[in-house]
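Below are my notes on the structure, as numbered points. Please read them with the structure open.

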Amino acid sequence: NLEALLVIYNRHQDHLDSYDYAELFVKEITEKKVWIAEKGAEMAPNDRPLWYPERYAYQRNAINNAEPRTAGVGNWLNEGFQGIVMPVGAVNAGDPWRAYDEVTSFGAAHTESYALEGAGVNAAAYAVAFQKDGSVEAALDAALKVAKDGTRMALEDVLASVNVSDSQDEFIRKARLAVLPYLQLSPKQLKEMLNGAAPNDTPKMLRDRTNIGRPSRIACIENVPIALAALKYGNGDYMKTLKASLFYGRDAESIAAIATSILAAVKGASIIPESLKSVVDAANKRNYAETARIFLATVKTIHNKDKERLTKREEVLR
C-alpha cells in the first residue's frame with residue numbers, strides 16, 4: 001500500500017485528498033498486480049488479502065460509493081494506514097502541520113478517529129526529520145505538537161517511560177505498561193495484561209464486547225507511541241532502533257518501518273546497512289533506490305507548484 005501511495009503521487013503530481021484516495025488509491029490497490037513477497041506471487045494488494053478493516057475501505061469507496069470525506073470507518077487494529085503515510089511527510093518535508101493536514105484529509109476516506117490521528121502524527125514527525133537541523137528530538141517534539149486527544153496522552157506517557165540506558169527487555173516492559181491504558185481494553189483485560197498476560201491477548205470486538213475499534217478521544221493506535229519510543233530508545237543507532245521495534249512484538253514490522261524511516265530521514269540513507277538493502281530488494285523484486293529517485297522528482301515538482309501558489313498569494317497580499 002505504501003508503494004501504491006508512491007505510484008499515485010507520481011501520477012497525480014500534486015497533493016492528495018480524500019477524493020484522490022477514493023478515485024486513485026483504491027483503483028491502484030485493486031486493479032494492478034505486483035509481486036507480493038510473502039505470497040510468492042503477483043497479485044493485486046487487495047487480494048493479498050489485506051486485513052479486513054483495510055479491505056473495507058474498498059467496499060465503502062468503490063462499492064457503496066460513499067462520500068469520500070466521510071467514508072472512513074473504524075479503528076479496529078487498523079495499524080495499516082498509519083504505517084504507509086511516510087510519503088506524505090516527504091511531500092511536505094519541513095512542514096509538519098501541512099503533512100498532518102494532508103494525511104488526515106487523504107485518510108478520511110480510509111479510517112477515522114484515533115487511527116487517522118496516528119497517521120497524521122507519523123507524517124508530521126517524518127516531515128520534520130528531513131530538515132537540515134533535523135534530529136530525533138525535533139521529530140519527537142513535532143509529533144507531540146500536532147498530536148491530539150489520546151494519541152498525545154499516550155505519546156507523553158510512553159516517551160516518558162524511555163531510558164536509553166535500559167536493556168531492550170526493560171524498554172519493552174516499560175513501553176507496554178505505559179501504552180496499555182490507551183488500548184480500549186476492558187477493566188478485566190487490563191488487569192490481566194498488567195499481571196503478565198501475553199500481549200497477543202487482544203480482545204475481539206464481537207466476542208468480548210469491549211470498546212475496541214470505536215471512535216475515541218482517549219484511545220490511540222498502539223504502533224504510533226511505540227514506534228516513536230523505539231526511535232527515542234535507539235538514540236541514533238539504526239540497529240538498536242530496529243531491534244527494539246521488532247522485539248516489541250505485536251505489529252512489529254509497522255512499528256519498525258516508522259521508527260527506522262524517521263531515523264533514516266534524520267541521518268541519511270547511508271545509515272541503513274547495505275546488506276539489508278540488498279536483501280530487501282531481492283526478496284521484494286524491487287529496486288527501492290530507483291523508486292526513491294523517481295519519487296524525489298515528484299516531490300520537487302509538487303514543491304515547485306507550492307511555490308507558484310505561494311507567489312500568487314503574495315501578489316494578492318501586497
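1. Charge. The protein carries 40 positive and 41 negative side chains, with the centres of the two sets 1 Å apart. Lys and Arg are the positive residues and Asp and Glu the negative ones, with His and the chain ends not counted; each charge is placed at NZ of Lys, CZ of Arg, CG of Asp or CD of Glu.

2. Basis. This is a predicted model, in which local features need pLDDT of at least 70 and side-chain atom pairs count only at pLDDT 80 or more, while totals for chains, interfaces and linings use all residues. Residues are numbered from 1 along each chain as its sequence is written, and side-chain values use heavy atoms, leaving out hydrogens and water.

3. Burial overall. Of the 318 residues of the protein, 48% are buried (under 20% relative accessible area, 1.4 Å probe, protein chains only).

4. Glu28. This residue sits in helix H2, residues 18–31 (helices are DSSP runs of H or I, at least four residues, numbered from the N terminus). Glu28 counts as buried because its relative accessibility is 8%. Its side chain makes a polar contact of 3.4 Å with that of Lys32 (a pair of N or O atoms within 3.5 Å, one able to donate a hydrogen and the other to accept it). Leaving aside residues up to four places away in sequence, Glu28 touches Ala4, Val7, Ile8, Arg11 and Pro45 (heavy atoms within 4.5 Å).

5. Leu6. Helix H1, residues 2–12, holds Leu6. With 11% relative accessibility, Leu6 is also classed as buried. Beyond four places in sequence, Leu6 touches Pro87, Thr291 and Phe295.

Methods. Helix = DSSP H or I, 4+ residues; strand = E, 2+ residues; numbered from the N terminus. Buried < 20%, exposed > 50% of the residue type's maximum accessible area, 1.4 Å probe, protein only.
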